[in-house]
Amino acid sequence: LCLQVPELEKATVRIRQPERVRGIIRSLREQGVAKLQVISDFDMTLSRFGCNGRRCPTSHNILDNSHVISEDGKKKLKDLLHYYYPIEIDPNRTLEEKRPLMVEWWTKAHELLVQQKIHKDDIAQIVRESEAMLRDGFKEFFDQLHKNNVPLFIFSAGVGDILEEIIRQANVFYSNVSVVSNYMDFNDDGVLTHFKGPLIHTYNKNNSVLQGTGYFQQLSTRTSIILLGDSIGDLTMADGVPSVENILKIGFLNDKVEERRGKYLDSYDIVLESDETLDVVNGILRYILTE
């Protein structure tokens with residue numbers, strides 16, 4: 001298969017069951033374009049984790065670090081991050097332990113943001129001034145899916161208004177892209193008053209927050225899935241798909257690589273370690289989508 005997808009030879013690629021993965025990729029190709037959909041996380045999956053040794057911002061960070069947040073607000077948001085992020089990525093804590101703490105974190109962060117009286121009209125500028133970066137190869141990724149009418153579902157615990165603006169400014173917000181995320185609600189004066197429910201955090205990205213959207217039902221014939229994520233919580237993103245025939249799970253392992261490797265290799269079919277590109281994903285898509 002490496003002849004058809006040479007990107008799988010990259011040094012960043014780790015695969016625990018190569019035969020199984022080969023089989024899935026072949027099946028995805030055989031099932032054809034009409035059956036394919038892509039389900040992806042956004043922050044640190046479609047966007048970069050780092051650049052030149054510096055961390056890139058998530059959609060929440062972009063807002064937290066922007067000129068519209070007071071110094072006091074920034075400090076409080078940073079304190080929350082330093083307290084809760086180690087819990088989020090702690091391999092020794094169970095999901096049962098983590099879930100209520102993630103709800104706590106997101107709720108506190110959203111409350112702090114609401115206090116800042118953020119203006120809807122500021123969002124485009126906030127994104128333009130930020131250090132947001134999509135992964136290298138993003139244009140080919142979005143273009144290939146759009147050209148072949150493959151639905152791309154972005155399921156994000158970030159801030160929907162910010163991530164949509166990132167994609168828009170990159171000129172790849174095509175008609176095949178759908179987003180479910182945490183969206184801000186503004187009053188008639190365009191000022192943030194609250195976040196719309198339900199709250200989406202790292203560990204509830206499953207059917208429970210998709211109730212009533214009917215998204216996957218509309219795509220019931222799309223039974224081949226490529227899932228892209230960077231956390232163990234992302235593995236449940238396809239849970240709402242009615243009848244999955246083939247699913248290829250590709251995980252970006254960005255942080256604490258040594259201590260989390262085993263868990264990622266147990267959970268994802270392909271693990272990409274400290275890889276800031278979409279090369280492997282694009283290579284697989286090229287193989288599946290070319291006649």
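Student: How many salt bridges does the rule find across the interface of domain 1 and domain 2?

Tutor: The model is predicted, and in it the rule finds 1 salt bridge across the interface of domain 1 and domain 2. A salt bridge joins the side chains of Arg-55 and Asp-255, at 4.0 Å from N to O. With the cut-off set at within 4 Å, the pair stands at 4.0 Å.

On the side of domain 1 that touches domain 2, the elements giving two or more residues are strand 5 (152–159), helix 7 (160–169), strand 7 (184–186), strand 8 (192–195) and helix 9 (257–267). Helix 7 contributes the most there, with 6 residues. By class, the residues of that side are 16 nonpolar, 9 polar and 10 charged.

As for the division itself, the domain assignment gives domain 1 as 6–50 + 133–289 and domain 2 as 54–129. Their centres, taken over C-alpha atoms, are 21 Å apart. Contact involves 35 residues of domain 1 and 32 residues of domain 2.

Interface size is often expressed as the accessible area lost when the parts come together. Here domain 1 and domain 2 bury about 3,000 Å² between them, with 69% of it on carbon and sulfur atoms. Within domain 1, the residues that lose the most area to domain 2 are Ile-162, Leu-199 and Tyr-203, which together make up 21% of what that side buries.

Key
Residues numbered from 1 in each chain as written. Predicted model: local features only at pLDDT ≥ 70, side-chain atom pairs only at ≥ 80, totals over all residues. Heavy atoms only, no water. Domains from an automatic or database assignment. Contact = heavy atoms within 4.5 Å. Buried area = accessible area lost by both parts, 1.4 Å probe. Helix = DSSP H or I, 4+ residues; strand = E, 2+ residues; numbered from the N terminus. Nonpolar A, V, L, I, M, F, W, Y, C, P; charged D, E, K, R; others polar.
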